[in-house]
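This briefing is for a reader who is new to the structure shown below.

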Amino acid sequence: MDNLEPELKRVAQLLYGGKLKPGQIDKAMVKKIADQLMKGIFKGYGKDLKSKKLTPDERSFLNKLNENVHVFSGFKNYQELKEITSLIKDDSGIIKPFNDWYQNDVLRVNKTYSEVYANAEYGNCISSGQNAASFQDFITNGVETLTLQTANDDSVRPEHAMMEGMTVDIDDPILDTYYTPMDWGCRCEWVPGAGKDLTPVSNYDLPTLPPMFQNNVGKTGVVFPDTHPYFDVAKAASKSIRNQVKDILNDEED
């Protein structure tokens, strides 16, 4: 992942000086976050918006992913700025010296958002891009059934291992909820189930997936649903963030 610290120092100065108000997001930082995540999408999908051989449907789909990733990045930026702003004052309510606040609080919080969280998010973008492309290929090629295949090693989650070999019709609504990836770092995948008998879903003790992963990105074009914790904000704040992201996307089109 690219280093966001130069942007962070600039944004921290704006926050400290009151030039970036509560509820505002930093458009340049949001764009940088989104661009990094979209690199993961493009890597997994195997094509990007500059690809000459994109079909109209593929272009529309990638644009939908791009919009979702930008909105997600806006909410992520909002949450990080909110957290570091809350640390400007000490326990006595006294504003900390900028350098103390920046070195001890801003960099610490940013390490979590820009390294720990960002690495997981980037990996999820690659996996989502791959699985979205696969699902669309299945539809294009007339695949009728899909079989769940795990990585078949000691790192596979037990609840995913229980689904190994499940074979369903490609139109089965179960794929709206249990399509891969099914969690952070999930390496499971659905593959063509040619020659295999359909499996009654009742044969499996299906796990309850994290809400964010109850999704089929190949159908929805959504990598980060609004069930992700970043989206847990007041209604007015949500509207404001979405409007600010819309401006960023409009600027990109100009």
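Two residues are in contact when they have heavy atoms within 4.5 Å of each other. The model described here is predicted.

- H160 belongs to helix α5, which covers residues 158–161.
- H160 has a relative accessible area of 2% and so is buried, the cut-off for buried being under 20%.
- With neighbours within four places in sequence set aside, the contacts of H160 are L148, T150, M182, D183, C186, C188 and L209.

**N66 in helix α3**
- Helix α3 contains N66.
- N66 counts as buried because its relative accessibility is 12%, and the limit for that class is under 20%.
- M38, L249 and E252 are in contact with N66 when neighbours within four places in sequence are left out.
- From C-alpha to C-alpha, N66 and A118 are 17 Å apart in space, while 52 residues separate them in sequence.

- In soluble globular proteins, nonpolar side chains tend to be buried together.
- The largest nonpolar core has 49 residues, and the members that touch the most others are I41, W101 and F224.
- Two or more residues of this core come from each of α1 (5–16), α2 (27–45), α3 (56–85), α4 (98–140) and α7 (235–253).
- The greatest share of this core is from α3, which gives 10 residues.
- I41 touches L62, L65, V69, C125, I126, G129 and V223, with residues up to four places away in sequence not counted.
- Another core lies apart from the largest one and has 19 residues, including M163, I170, C186 and Y204.

**Cysteines**
- How many disulfides does a search of the whole structure find? The search finds 0 disulfides.
- C125 is not part of a disulfide, and its nearest cysteine sulfur is that of C186, 15 Å away.
- C125 is at 0% relative accessibility and therefore counts as buried.

**Cavities**
- There are 2 cavities of 30 Å³ or more in the structure.
- The volume of the largest cavity is about 70 Å³.
- The residues lining this cavity are N124, S128, Y179, T180, P181, M212, F213, N215, N216, V217, V222 and V223.
- Which classes make up this lining? There are 7 nonpolar and 5 polar residues, with no charged residues.
- V223, one of the lining residues, is also touched by I41.

**The largest pocket**
- The largest pocket has about 200 Å³ of volume.
- Its lining is formed by L15, G18, L20, K21, P22, G23, Q24, Y78, L81, K82, T85 and I88.
- Which element gives the most to this lining? The answer is α3, with 4 residues.
- By class, 6 of the lining residues are nonpolar, 4 are polar and 2 are charged.

Terms used:
Residues numbered from 1 in each chain as written. Predicted model: local features only at pLDDT ≥ 70, side-chain atom pairs only at ≥ 80, totals over all residues. Heavy atoms only, no water. 1 Å grid on protein atoms, 1.4 Å probe; cavity = no way out; pocket = protein on both sides within 12 Å on 5 of 7 lines; lining within 4 Å. Points joined across faces, edges and corners; volume = space filled by probe spheres on them. Nonpolar A, V, L, I, M, F, W, Y, C, P; charged D, E, K, R; others polar. Buried < 20%, exposed > 50% of the residue type's maximum accessible area, 1.4 Å probe, protein only. Core = buried A, V, L, I, M, F, W, Y, C linked by side-chain atoms within 4.5 Å. Disulfide = S-S within 2.5 Å.
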